[in-house]
Every structure is written in structure tokens, then in C-alpha cells.
Amino acid sequence: MKFPSTRSLATVVWAGALLFTAGWWALSYRYGIGFAASGPPLAKTVSSRHATPRSGIALVSGVGKAIVYVSWSSAFTRQGIIFEPVLAHEFPHPWFGFQKEGGRLWFSFPIGCVFGLTVAANLWSHTGRFRKSQHH
């Protein structure tokens with residue numbers, strides 16, 4: 001059985017990455033896409049009679065941008081995969097930004113930048129600069 005060359009495999013991987021990011025970017029204007037997961041608390045906090053502090057991480061995207069949330073003091077109300085029609089009012093975050101709000105940090109960025117960085121990395125790796133820089 002003949003295996004494809006490393007260059008062929010790299011082309012397939014880069015094509016997959018470009019299709020994924022372009023598809024994610026396009027779909028994000030119509031659908032909220034992402035996931036949310038909660039877990040045990042990351043640090044000891046003052047206990048509350050009403051709820052057990054938890055931690056969590058979430059990535060949600062919509063209207064062309066993505067927001068990463070990291071929480072160390074509360075769980076998310078939603079769990080698992082998110083794929084639903086997007087409601088623009090649910091994405092009030094700026095295109096670029098971050099903020100620490102109590103026990104939660106969010107970071108917002110345009111998905112188009114992820115696509116652009118994927119294209120730039122692809123071009124950089126295929127021009128030979130990546131291979132040359134590994135030898136120095």
C-alpha cells in the first residue's frame with residue numbers, strides 16, 4: 001500500500017483547515033455555533049448556601065465573531081454542543097475585546113481573523129520558510 005507524500009498530506013490538512021474556517025465563518029452569520037462545559041471549582045471560594053461554585057469554559061460564535069468564556073466561579077446554564085439560529089442581540093460583545101467580570105473572563109474576536117491567520121499560515125508553510133526556519 002502506497003502512502004501519500006508529506007506534501008500531499010499537508011495540502012489535504014490545509015485544505016480541510018481552510019474549508020472548516022470558511023464554513024464556520026459563513027455559518028456563524030445564520031447559526032449560533034459552539035459548546036459549553038462546566039466542571040468542579042478551580043479554586044476554593046467562600047461557600048454559598050444556594051449553589052456550589054463551579055468552573056467552566058465555553059466557545060460560542062454568531063454574527064461573524066466568536067467569544068471564549070472562562071469561568072472559575074460559576075457554571076454555564078447550557079451544556080454541550082450549541083447549534084441554533086443566531087439571535088444578534090445575544091452577541092453584544094465588540095469585534096475585538098476582552099473583559100474580566102467577577103469570576104468570568106471573556107475574549108471576543110472576528111472569525112474572519114481566524115480564516116486570515118489560517119491562510120497566512122498556509123502560505124508561510126508552503127513557501128518553504130517554515131522548513132528553512134526549522135534547520136536554524
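Reader: What makes Phe20 and Trp24 about one helical turn apart?

Author: Phe20 and Trp24 are 4 residues apart in helix 1 (residues 6-27), so about one helical turn separates them. Helices here are DSSP runs of H or I with at least four residues, strands are E runs of at least two, and both are numbered from the N terminus. A word on the basis: this is a predicted model, in which local features need pLDDT of at least 70 and side-chain atom pairs count only at pLDDT 80 or more, while totals for chains, interfaces and linings use all residues. Residues are numbered from 1 along each chain as its sequence is written, and side-chain values use heavy atoms, with hydrogens and water left out.

Reader: How many aromatic pairs are there, and why is the one between Phe20 and Trp24 called tilted?

Author: The count comes to 5 aromatic pairs. Phe20 and Trp24 lie 6.3 Å centre to centre, with 35° between the planes. Rings of Phe, Tyr and Trp (its six-membered ring) pair if their centres lie within 6.5 Å; planes under 30 degrees apart are stacked, over 60 edge-to-face, and the rest tilted. The 6.3 Å therefore makes them a pair, and the 35° makes that pair tilted.

Reader: Which of the two, Phe20 or Trp24, is buried and which exposed?

Author: Buried means under 20% relative accessible area, exposed over 50%, and partly exposed in between (1.4 Å probe, protein chains only). Phe20 has 57%, so Phe20 is exposed, whereas Trp24 has 14% and is therefore buried.

Reader: Which residues make up the largest nonpolar core?

Author: That core has 11 residues: Ala36, Ala58, Val60, Val63, Ile67, Tyr69, Phe76, Ile82, Val86, Phe91 and Trp106. A second, separate core of 5 residues includes Trp24, Ile33, Ala66 and Ile111. A nonpolar core is a set of buried Ala, Val, Leu, Ile, Met, Phe, Trp, Tyr and Cys residues joined through side-chain atoms within 4.5 Å.

Reader: What is the phi of Val63?

Author: Val63 has a positive phi of about 45° although it is not a glycine. Most residues other than glycine have a negative phi. Val63 is found in the loop between strand 2 (55-62) and strand 3 (65-71).

Reader: Is Gly103 buried or exposed?

Author: Its relative accessible area is 14%, so Gly103 is buried. Gly103 sits in the loop between strand 5 (97-101) and strand 6 (104-110). Not counting residues up to four places away in sequence, Gly103 touches Val70, Ser71, Trp72 and Ser73, where contact means heavy atoms within 4.5 Å.
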